[in-house]
Amino acid sequence: MAEENPTWGYRRIAGELSRLGHPIAPSTVWENPEGSTHQPIADAVHGLVDSVLALAGRSSLRFRYRRHRFRQTVLPPFFISIPTREVTLPGTTLHPTGEWTTQAARNLFITASGKFNGCKMLVRDCAGQFTAAFDENFRTEGITVAKTPPRTPVANCFIERWFGTLRREMLDRTIIWNKPQLRRLIDEYVAQYNEHRPHRSLDQQPPITATVLPFRPRSPVTVTTRCNGLVHEYQQAA
């Protein structure tokens with residue numbers, strides 16, 4: 001795993017092993033000579049972010065800027081549910097405006113309204129694309145909109161952590177040629193993140209809970225790749 005996934009730290013490897021029915025401590029991977037070089041200090045620092053207590057039923061939103069090969073800026077906005085860590089991507093655009101963002105919010109409530117059941121608060125930054133009409137979409141659903149202070153990423157640490165994960169595991173490892181390619185790669189990564197990737201705060205389960213088979217000796221392990229081979233998924237053969 002360490003050789004096939006150079007961006008994985010020892011905690012990430014331990015999580016994937018847990019999904020395979022091997023619930024070992026991260027320190028065991030760290031002490032392994034083959035895994036000892038995989039950023040134990042960075043993983044420990046990132047772990048401090050997950051130790052922050054989340055308010056029940058809270059979601060975060062922010063745009064992520066990404067330039068592709070021809071230096072056009074594509075802005076995909078992301079929603080993340082803090083209790084479940086499930087990520088939703090409502091769309092991408094080259095020209096973010098208040099009208100586009102407002103319509104994206106309306107579409108989100110139409111196509112994925114169930115994701116906001118029990119949601120009490122939306123945390124967002126102060127970007128100009130978030131207009132009063134955008135906020136009104138959430139207020140009419142009984143959701144309070146909270147704005148983070150300027151230049152204070154720690155106030156929205158969960159979405160910042162998601163951006164870091166997306167960047168390290170996928171965006172920084174490929175060249176984006178156009179908007180359709182970017183959208184396809186991000187869609188694949190979001191699906192992997194929601195359906196397979198283990199999360200320590202969820203007891204090494206993905207946001208959308210999947211069945212984890214108990215360890216079976218001599219059971220073959222299958223490897224599935226996503227995002228043009230950038231992301232690997234390991235599973236016991238059924």
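Reply: The protein contains 7 helices and 9 strands, taken as DSSP runs of at least four residues (H or I) for helices and at least two (E) for strands, numbered from the N terminus. This is a predicted model, in which local features need pLDDT of at least 70, side-chain atom pairs count only at pLDDT 80 or more, and totals for chains, interfaces and linings use all residues. Residues are numbered from 1 along each chain as its sequence is written, and side-chain values use heavy atoms, with hydrogens and water left out.

The structure holds 11 aromatic pairs, a pair being two rings of Phe, Tyr or Trp (its six-membered ring) with centres within 6.5 Å, called stacked when the planes are under 30 degrees apart, edge-to-face when over 60 and tilted for the rest. Trp 8 and Tyr 234 form an edge-to-face pair, because their planes stand at 70°, with the ring centres 6.1 Å apart. This pair joins distant parts of the chain, since Trp 8 belongs to the segment before helix H1 (10-19) and Tyr 234 to strand E9 (residues 231-236), 226 residues apart. Trp 8 is buried at 4% relative accessibility, where buried means under 20% relative accessible area with a 1.4 Å probe and protein chains only, and Tyr 234 is buried at 5%.

Tyr 189 and Tyr 193 make a tilted pair, with centres 6.3 Å apart and planes at 35°; they are 4 residues apart in helix H7 (residues 179-195), and therefore separated by about one helical turn. Tyr 189 is buried at 0% relative accessibility, and Tyr 193 is buried at 5%.

Conventions:
Buried means under 20% relative accessible area, exposed over 50%, partly exposed in between (1.4 Å probe, protein chains only).
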